[in-house]
Amino acid sequence: MPIRRLVFCLPFVALCLARAADAPAPASKAPDWAAHAIWYQIFPERFRNGDPNNDPTRDSLEEPQNVPQNWRISSWTGDWYARAPWETGQDGNNPPDATPNFYKHGVFDRRYGGDLQGVLDKLGYLRGLGVNAIYFNPIFYARSLHKYDGSALHHVDPYFGPDPKGDLALIATENEDPATWHWTAADRLFLKVLAAAHRLGFHVMLDGVFNHTGRDFFAFRDLKEKQQASKYKDWYVVKTWRNPADPNSKFTYKGWWNLDSLPVFAATADKNDIAPGPRQYIWDVTKRWLCPVVDGKPVRGIDGWRLDAADERPAHFWTEWNAYARSLKPDLYTCGETWKPASQFVADDGFSACMNYYAFAFPVKSFLIDDHIPASRFASLLDARREAFQPGSIPVLLNLVDSHDTDRVASMIVNRGLTPDSPDGDFGFNNNNDVRNNTPYSIAKPGATDRAIQRMVVLFQMTYLGAPTVYYGDEAGMWGAHDPDCRMPMVWKDLKFDLQATDPRGRPRHADDPNFEPAIFNFYKAAIALRKAHPVFATGAVRFLSPDDKDQTLAMLRSGTDEDMVVAMNRSSAPHIVHFADPGWSAPRLVLSTRGKLPALTRGPGGWQVRLPAYTAVVCQGAAAPAGKVAAATGAGH
């Protein structure tokens, strides 16, 4: 992409050339654009193989010595649970494993060849879906399929770009000093993707993994080789050094969550910061991707950072990092990952927002998916957990239901009977959701009722306050258990996929068709278009109208300056009438239903009413209520 075609302005250039590590953060931590973001999460290795010439090799795997010589790239369209010969131990010399295990032998060494060319090719698809912001799982150089074990955070993975061999040769000449860093072919392709995304109106967020690295990271590799003589000896938490005089001695170190593959960056002596060496490296990486300077010319960088396991580093580190990052880009969006109550975490650490598991995903799953809590409890949980945040953060909270770290929403629904019953849903959200450890877990394709519930979840997500997030493929009908099954290759309309006819537990199963589902896609598209057409969903006030715990119905009022919208929901297995009081509308109308044709909106006692089929939600549009008049519920009845 010629530099002259990239758009930037002089103030932007000046900011990017600045280096102000201690500059104060601006008053607002949440950029205006983020309240209108509709995020789409891409897991790069499984999104689209746009360039088969850069496919990973056996030598690029985490532990190639443990992988059979007949390893091959896996078929993008194959039956996910069917195993290739190399996964069963068949390598031409050895017989198949006597007791092959899908989750122990092979699946984590699979590669499907997803790359940045595939993303570039499918930006039009994302624009057609209607999303306007992209969140990438890690794209940086690493051996794993997930890339959370970085070998270098200042480079895009060479196998995501057009010249892996050339990129690896350049990377081998570098160290922590940015003066030694090159712009590889993969880096340049990412900047091309970024520029194309910006032209189409997308904002782009990268995953920052700043707690740990992989074992191939340049500093750790040097440390392992040179031991105490390494200039990186203070970068990691070393437990024991290897003693050349003692053949039984071992080099041991702290791994993230005790995983040897993820050595942890050391902290300062007072535990309030990361050690100076890795801290400076993180600062340099942050600047590289926020404010790229390529061939002497500044270009527009990324718009946001999602920070992995951010609650495992002290607030002091994050407040300084957030201040530094915003000194480079004042309208930066930063989103910290945590599964815990997060309002204080966001406020103290200086983030714009968090991945909103606790205040959104937990209650949504507990009510709309599992039916474990009454409608009134659902409303009160959402209200209390939302209002715990500072007002500026609420509209930009990353409202997800599923991700690369959970089972897919469609499979959550299929397996809703397996989730432990808890008053708030907090303990049931990510439990009993994988096939490896939970043999009753169903891997079946969702049925009609499951899809009806999924459409309710999607509609609520698109009409609630906060930035909705779609995990890649949910809109295409994909389903799957927890990792690795939630990371299957994306189903595309132009590809024909084999039936899923194999069960990893060796059981007989019905053969399910995993191909692209236009009906699901069209509903996601309609719900996203509804949100974009009515700004009240992004910035309006929220009020839940009196829920009915007997019928499991409730309504949600989204009120703004120019219009009000009401979302009426029936979570039960029987039809019910939902009433809501007249907010002063002259001619309200229903604009979207999750199931079937739009029902009739009629006058009821003191207001309006709509009869909803089982597992159905509708959206009602009306003019804004006169000043001082607020909608209230009159209850729900049969």
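Visitor: Which residues are buried in α11?

Guide: In this predicted model, helix α11 comprises residues 375–387, and its end C-alpha atoms lie 18 Å apart, which agrees with the 18 Å that 13 residues should span at 1.5 Å a residue. Along α11, the buried residues are Ala375, Phe378, Ala379, Leu381, Leu382, Arg385 and Arg386.

Visitor: Is glutamine 552 buried or exposed, and with what relative accessible area?

Guide: Glutamine 552 sits in the loop between β15 and β16, and its phi is positive, near 55°, although the residue is not glycine. Since buried means under 20% relative accessible area, glutamine 552 counts as buried, with a value of 9%.

Visitor: Is tryptophan 257 buried or exposed?

Guide: Tryptophan 257 lies in the loop between β7 and α7, and has a positive phi of about 50° without being a glycine. Because its relative accessibility is 64%, and the cut-off for this class is over 50%, tryptophan 257 counts as exposed.

Visitor: Which residue in β21 stands opposite histidine 576?

Guide: Histidine 576 belongs to strand β18, where six of six residues are buried, and it points one way from the strand together with Val578 and Phe580. Six bridges join β18 to β21, the two running antiparallel, and the residue of β21 opposite histidine 576 is leucine 612.

Terms used: Residues are numbered from 1 along each chain as its sequence is written. This is a predicted model: local features need pLDDT of at least 70, side-chain atom pairs count only at pLDDT 80 or more; totals for chains, interfaces and linings use all residues. Side-chain values use heavy atoms; hydrogens and water are left out. Helices (H or I, at least four residues) and strands (E, at least two) are DSSP runs, numbered from the N terminus. The expected span of a helix is 1.5 Å times one less than its number of residues. Buried means under 20% relative accessible area, exposed over 50%, partly exposed in between (1.4 Å probe, protein chains only). Two strands pair if DSSP finds at least two bridges between them.
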